[in-house]
Amino acid sequence: MSDSGAGLPWLVIREDGNGNRYRVGSYGTRAEAEKAAARLGGERHGGGGAGEQLYVVERVGRRG
């Protein structure tokens, strides 16, 4: 995956209960990224003990 952000400037980031952040997807539009984040956030993941997972949308080069 390229970090240039030229073609896919919107990221979906997963944050776990321990504060760890992982990029799970790159998208061309904010709407696409938000749709993916909503879909991922609606899935239930069992086990792990990491607590809740939050999916956030960010533009490349920005962190909220």
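Guide: Happy to! Two strands count as paired if DSSP finds at least two bridges between them. Please keep in mind that this is a predicted model.

Visitor: How do you know that strand S1 and strand S2 pair?

Guide: Strand S1 (residues 10-15) and strand S2 (residues 21-27) share 6 bridges in the antiparallel sense. The cut-off is at least two bridges, so S1 and S2 are called paired.

Visitor: What lies between the strands in the hairpin of S1 and S2?

Guide: There are 5 residues between the strands, and in this hairpin Gly-19 takes a positive phi near 85 degrees.

Visitor: What makes S2 and S3 edge strands?

Guide: The open sheet has 3 strands in the order S2-S1-S3, with antiparallel pairing. S2 and strand S3 (54-59) each have a single partner strand, so one side of each lacks a neighbour in the sheet. From one strand to the next, the twist averages 30 degrees.

Visitor: Where does helix H1 pack?

Guide: H1 packs on the sheet and touches S1, S2 and S3. The direction of H1 makes about 170 degrees with that of S3.

Visitor: Why is Ala-38 called exposed?

Guide: Ala-38 lies in helix H1 (residues 30-42). Its relative accessible area is 55%, and exposed means over 50%, so Ala-38 is called exposed.

Visitor: How far is the C-alpha atom of Ala-38 from that of Leu-54?

Guide: The two C-alpha atoms are separated by 9.9 Å, with Ala-38 and Leu-54 lying 16 residues apart along the chain.

Key:
Residues are numbered from 1 along each chain as its sequence is written. This is a predicted model: local features need pLDDT of at least 70, side-chain atom pairs count only at pLDDT 80 or more; totals for chains, interfaces and linings use all residues. Side-chain values use heavy atoms; hydrogens and water are left out. Helices (H or I, at least four residues) and strands (E, at least two) are DSSP runs, numbered from the N terminus. Buried means under 20% relative accessible area, exposed over 50%, partly exposed in between (1.4 Å probe, protein chains only). Axes are lines fitted to C-alpha atoms, for helices over the stretch in contact, and angles run from 0 to 180 degrees between N-to-C directions. Contact means heavy atoms within 4.5 Å.
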